[in-house]
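Have the sequence and the 3D view ready.

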Amino acid sequence: MRRIFIKTMTAAAVISSLCACSREGFRLFRGDYSFKTSGTISVVRDEAFQNDTSFVLVTVPGDDELQTEIRTDTVITVHDDTLTFAINVEAGQMNIAELDRENGEVMVTMNVTGGGVAAFRAFAEGRILTLTPYRRHMKLVSGTQSIIGHTGISSSGNVSGDFEISGSAERYEDIVLFSLEYGGDFILDDILYHIVDSDILCRARKNE
């Protein structure tokens with residue numbers, strides 16, 4: 001009986017410790033912040049084929065003599081272009097509010113200056129905030145900004161798409177630094193591209 005009682009108390013202590021950690025995490029993050037988001041994403045062009053038909057003169061045996069005929073050959077070229085886009089720099093106000101104190105769940109609301117509002121859920125544990133993946137429609141580049149790292153390619157209009165955003169954040173004194181990952185597809189010049197990598201940072205500083 002004594003041994004069972006000790007195990008039960010140990011399990012209870014672990015659960016209590018986890019709950020306390022979640023509550024402490026929430027207290028570290030809650031509040032109002034000013035934020036700025038910037039970075040780049042890398043995309044790969046969906047496999048596309050270009051058919052080039054060439055005409056070749058060949059000599060083949062005939063009934064009585066050699067004959068010349070025209071044969072067509074099709075050359076298939078595979079395009080695998082990788083492009084890097086800068087996302088639109090966003091700034092505005094952020095609020096982190098409690099949803100469920102016991103498991104450390106919070107709601108993060110981002111009010112973009114001159115734009116819309118984005119909201120997502122996250123879980124706080126200690127000094128780490130883990131985002132629940134969410135979808136958002138947003139621009140990659142605008143105006144006459146060029147696509148980075150690909151000579152001869154530029155965009156004269158807006159490039160936008162629906163992207164899945166995930167990632168995590170860490171608290172440093174009055175700063176919360178978000179490291180974000182973007183995923184999804186979009187179409188540029190009638191060509192489908194897939195996001196393969198991203199380097200996005202969001203810096204949120206707590207308002208005084």
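In which strand does Arg171 lie? Arg171 is part of strand β10, which covers residues 159-172; strands here are DSSP runs of E with at least two residues, numbered from the N terminus. Keep in mind that this is a predicted model, where local features need pLDDT of at least 70, side-chain atom pairs count only at pLDDT 80 or more, and totals for chains, interfaces and linings use all residues. Residues are numbered from 1 along each chain as its sequence is written, and side-chain values use heavy atoms, with hydrogens and water left out.

Now look around Arg171. This residue is buried, meaning under 20% relative accessible area, with exposed being over 50% and partly exposed in between (1.4 Å probe, protein chains only). Leaving aside residues up to four places away in sequence, Arg171 touches Leu28, Phe29, Tyr33, Arg127, Val176 and Lys206, where contact means heavy atoms within 4.5 Å.

Next comes Tyr172, also in strand β10. Tyr172 is partly exposed, at 42% relative accessible area. The C-alpha atoms of Tyr172 and Arg205 are 9.6 Å apart, although 33 residues separate them along the chain.

How values were computed
Helix = DSSP H or I, 4+ residues; strand = E, 2+ residues; numbered from the N terminus. Lys, Arg positive; Asp, Glu negative; His and termini not counted. Salt bridge = Lys/Arg side-chain N within 4 Å of Asp/Glu carboxyl O.
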